[in-house]
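Then follow the stops below.

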Amino acid sequence: MLLRYLFLFFLLFTYIEASKYPITFAKMGTPLFKSTKPISRLSDIDSLKVVSDDYIKFANTTMLIGFLIDASNNDFKKKEYLFKLRKLQKKYDKFLHQLHRNIDLSMKEKNYDKFFRLISYEFDGLLRGRALQRKSIEFYNSVKAKKRSKVLDEKIRHKKLIAITQSEFHTKVIKSNYNSTSKKTSTKDVYLFVKKYDKYIIVFAGNRNPFSVTINIKGKYKNLSYGNVKQTFSITANSTIQYIKLYKQKGSYSYNFTYSWIMGSMDAVHDDSYIYRLPYARGSSHVVSQGFHGKSTHKGINSYAIDFAMEIGTKIYASRAGVVVDTKDDSNKVGYSKEFAKHGNFVTIEHKDGTFATYYHLRKGGAYVRVGDNIKRGDIVGYSGNTGYSSGPHLHFQVYKVVNANSIKSIPIQFLSHKGIISNPKKGIYYKAK
């Protein structure tokens with residue numbers, strides 16, 4: 001028995017020396033174990049002492065069990081260890097809840113020193129709630145002249161970065177108006193017009209674009225009545241649609257419309273069974289520099305974008321057939337700040353199901369196709385570059401659909417590679433096109 005314990009102690013010592021944290025369930029356990037150090041630095045605060053001490057004690061015990069599991073590789077013990085990690089996660093959530101209560105209280109009391117101390121360490125989930133994050137950033141902005149916080153500065157920078165990258169492209173919202181004294185709308189591509197009759201007026205919406213659009217219309221009326229009306233709807237390419245029928249009342253009448261529209265149909269439904277081609281030459285491989293839900297910029301409407309690192313001038317191929325609906329390739333400007341966001345070159349293609357693919361950050365003159373071109377899967381569409389809001393040469397690829405007249409959402413897709421179907425491209429992995 002003694003020899004057995006000595007052997008286990010030897011294995012445990014070997015694993016502790018070889019790795020900082022247990023390798024069993026490392027993805028779940030490592031972030032929890034890493035948190036013990038910053039949590040210990042806040043354990044002297046009275047309102048955090050109990051939850052901090054409880055977490056640190058349980059974390060240290062659980063970590064030792066993890067090293068023993070690494071050494072024994074016992075499946076039954078692994079299940080027990082997983083239960084311990086889940087319990088540790090609950091204790092972490094309890095600590096984080098208490099930390100957030102303290103941050104909120106420090107702002108109410110205008111206790112600047114306590115506030116800065118509480119937000120000085122980067123915890124997973126820190127200021128997770130939008131309301132608390134907004135309130136903390138507003139409070140910080142009012143006092144940061146006295147003291148700076150690296151943690152909050154990074155959160156503010158990242159928040160601005162997400163907002164900028166989400167407005168870089170494919171969300172061009174066009175606004176216009178039309179009223180009873182107008183003879184035409186201020187935009188030619190998407191427009192309103194009326195037909196007048198003895199007792200009523202019919203308002204139509206037209207679309208001269210070679211692609212569908214989604215439009216939102218708001219009207220104000222005098223001495224005109226109407227029934228139920230849908231304010232946001234889609235109009236197919238090169239077509240018109242009746243929007244509203246207005247019935248004349250006694251006295252002079254008038255109407256005034258303001259409207260906005262965006263490229264694409266909100267009624268589009270993505271074909272989830274479609275397997276996309278990797279957007280580079282067959283037989284070549286490129287590494288994913290940022291995948292789905294990437295920490296840098298792939299959030300919100302860009303959640304399912306993929307960045308492929310590649311040299312400037314690399315040929316880009318269509319991942320799916322469609323019609324070119326938008327391009328830009330007149331820029332050679334690049335930088336990692338707000339003012340460069342509008343300078344990225346791109347090609348946007350509409351697919352058969354009404355969704356779009358954007359090939360972004362192309363080089364100057366890098367669009368090989370023009371608006372209206374019918375593109376087959378595997379056709380050359382352009383050349384990669386490093387333009388716009390970019391930290392280095394890469395191709396940003398994204399499939400998306402319109403949600404309403406003001407926004408879009410990205411769509412998770414699958415790629416065909418040399419080794420099979422890729423459902424979730426991983427950062428740091430090279431994928432060979434087939």
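Which backbone oxygen does the side chain of Ser239 reach? Select Ser239 and look for Thr236: the side chain of Ser239 reaches the backbone oxygen of Thr236 at 2.7 Å. A polar contact here is a pair of N or O atoms within 3.5 Å; within protein, one must be able to donate a hydrogen and the other to accept it, and residues adjacent in sequence count only if both atoms are side-chain atoms.

Before moving on, note that this is a predicted model, in which local features need pLDDT of at least 70 and side-chain atom pairs count only at pLDDT 80 or more, while totals for chains, interfaces and linings use all residues. Residues are numbered from 1 along each chain as its sequence is written, and side-chain values use heavy atoms, with hydrogens and water left out.

Stay on Ser239. It sits in strand 7, residues 239-248. Helices (H or I, at least four residues) and strands (E, at least two) are DSSP runs, numbered from the N terminus. Not counting residues up to four places away in sequence, Ser239 touches Ala205, Gly206 and Asn207. Contact means heavy atoms within 4.5 Å.

Next, select helix 5, residues 75-108. Its 34 residues reach 50 Å from first C-alpha to last, close to the 50 Å expected at 1.5 Å a residue. That expected span is 1.5 Å times one less than the number of residues. Zoom to the start of helix 5: a side-chain oxygen of Asn74 comes to within 2.9 Å of the backbone nitrogen of Phe76. After helix 5 comes Lys110, with a positive phi near 55 degrees.

Axes are lines fitted to C-alpha atoms, for helices over the stretch in contact, and angles run from 0 to 180 degrees between N-to-C directions.

Finally, show helix 4, residues 46-72. The axes of helix 4 and helix 5 come within 9 Å and cross at roughly 160 degrees.
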